Amino acid sequence: MPAKIRLQRLGKRSSAYFHVVVTDSRNKRNGSYIEKIGSYDPNSNPATINLDFDRALFWVKNGAAMTDTMRAMLSYRGVLYKKHLDKGVAKGVMTLEQADAKFAKWTELKSGAIETKKTRLSKAATDEQKKRMDAEVAVKEAKAQ
């Protein structure tokens, strides 16, 4: 049975969200699945990706194929990097402690970048709201005169 990690579409026509599932590659997109390992909401900014890291790593290590979108998401979450480090440990290139240290450093950098993006987006939203309020006050003053 060729396993595949892919997205299962749910939600309304204009506001879709997805479950991350492991399924037989011959099943339909929204058909039965072996295991649900997460969810993905592209409607939020930045997009929300909830993923069971250990189960995703298990399936990737056991040879489950991925769609292009899932490959990008798993790379973004660090599953593919962790697999790469574990393969290096198995070959004897590095120790487990070194691999864990590298992964912890990568995770710290990634979470910092995500937080920076969130703060930048929230600051842009507040600046836009302030600009709208200033324009509205200017229009109100012009009408009053």
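This report describes the fold, the nonpolar core and the salt bridges of a predicted model.

## Confidence in the model

The model is predicted, and the mean pLDDT of the protein is 91, with 99% of its residues reaching 70 or more. Among the elements, helix H3 has the highest mean pLDDT, at 94, whereas helix H4 has the lowest, at 90.

## Overall fold and dimensions

The protein contains four helices and five strands, which follow one another along the sequence in the pattern β-β-β-β-α-β-α-α-α. Among the helices are H1, covering residues 53-61, H2, covering residues 68-77, and H3 and H4, covering residues 79-91 and 96-144.

The radius of gyration of the protein is 22 Å, whereas a compact globule of 145 residues would have a value near 15 Å. Along the principal axes, the C-alpha trace spans about 80 × 40 × 20 Å. Of the 145 residues, 26% count as buried, and the protein exposes about 10,100 Å², of which carbon and sulfur atoms supply 53%. When contacts with a separation of 6 or more are considered, residues 24 or more positions apart account for 37% of them.

## The nonpolar core

The largest nonpolar core has 20 residues, and those that touch the most other members are Ile5, Leu7, Ile37, Trp59, Met70 and Leu74. Strand S1 (3-11), strand S2 (16-24), strand S3, helix H1 and helix H2 (68-77) each supply at least two residues of this core.

Tryptophan 59 deserves a separate look. Leaving aside its neighbours within four places in sequence, tryptophan 59 is in contact with Ala3, Ile5, Val22, Ile34, Glu35, Ile37 and Ala64. Two of these partners, Ile5 and Ile37, are named with tryptophan 59 among the core residues that touch the most other members, while Glu35 also takes part in a salt bridge with arginine 55.

## Salt bridges around the strands and helix H1

The structure holds seven salt bridges. One of them joins the side chains of arginine 55 and glutamate 35, with an N to O distance of 2.9 Å. This pair links distant parts of the chain, since arginine 55 lies in helix H1 (residues 53-61) and glutamate 35 in strand S3 (residues 35-41), 20 residues apart. Arginine 55 counts as partly exposed because its relative accessibility is 29%, whereas glutamate 35, at 18%, counts as buried.

Another salt bridge forms between arginine 26 and aspartate 24, whose closest N and O atoms are 2.9 Å apart.

The side chains of aspartate 100 and lysine 82 meet in a salt bridge, with an N to O distance of 3.2 Å. Here too the pair links distant parts of the chain, as aspartate 100 belongs to helix H4 (residues 96-144) and lysine 82 to helix H3 (residues 79-91), 18 residues apart. Lysine 82 is buried because its relative accessible area is 13%, which is under the 20% limit for that class, whereas aspartate 100 is partly exposed, with a relative accessible area of 36%.

Note on methods
Residues are numbered from 1 along each chain as its sequence is written. Side-chain values use heavy atoms; hydrogens and water are left out. A salt bridge is a side-chain nitrogen of Lys or Arg within 4 Å of a carboxyl oxygen of Asp or Glu. Buried means under 20% relative accessible area, exposed over 50%, partly exposed in between (1.4 Å probe, protein chains only). A nonpolar core is a set of buried Ala, Val, Leu, Ile, Met, Phe, Trp, Tyr and Cys residues joined through side-chain atoms within 4.5 Å. Contact means heavy atoms within 4.5 Å. pLDDT is the predictor's confidence in each residue, from 0 to 100. The radius of gyration is taken over C-alpha atoms; the globule rule is 2.2 Å times the number of residues to the power 0.38. Accessible areas come from the Shrake-Rupley method with a 1.4 Å probe; for residues, only the protein chains shown count as cover.
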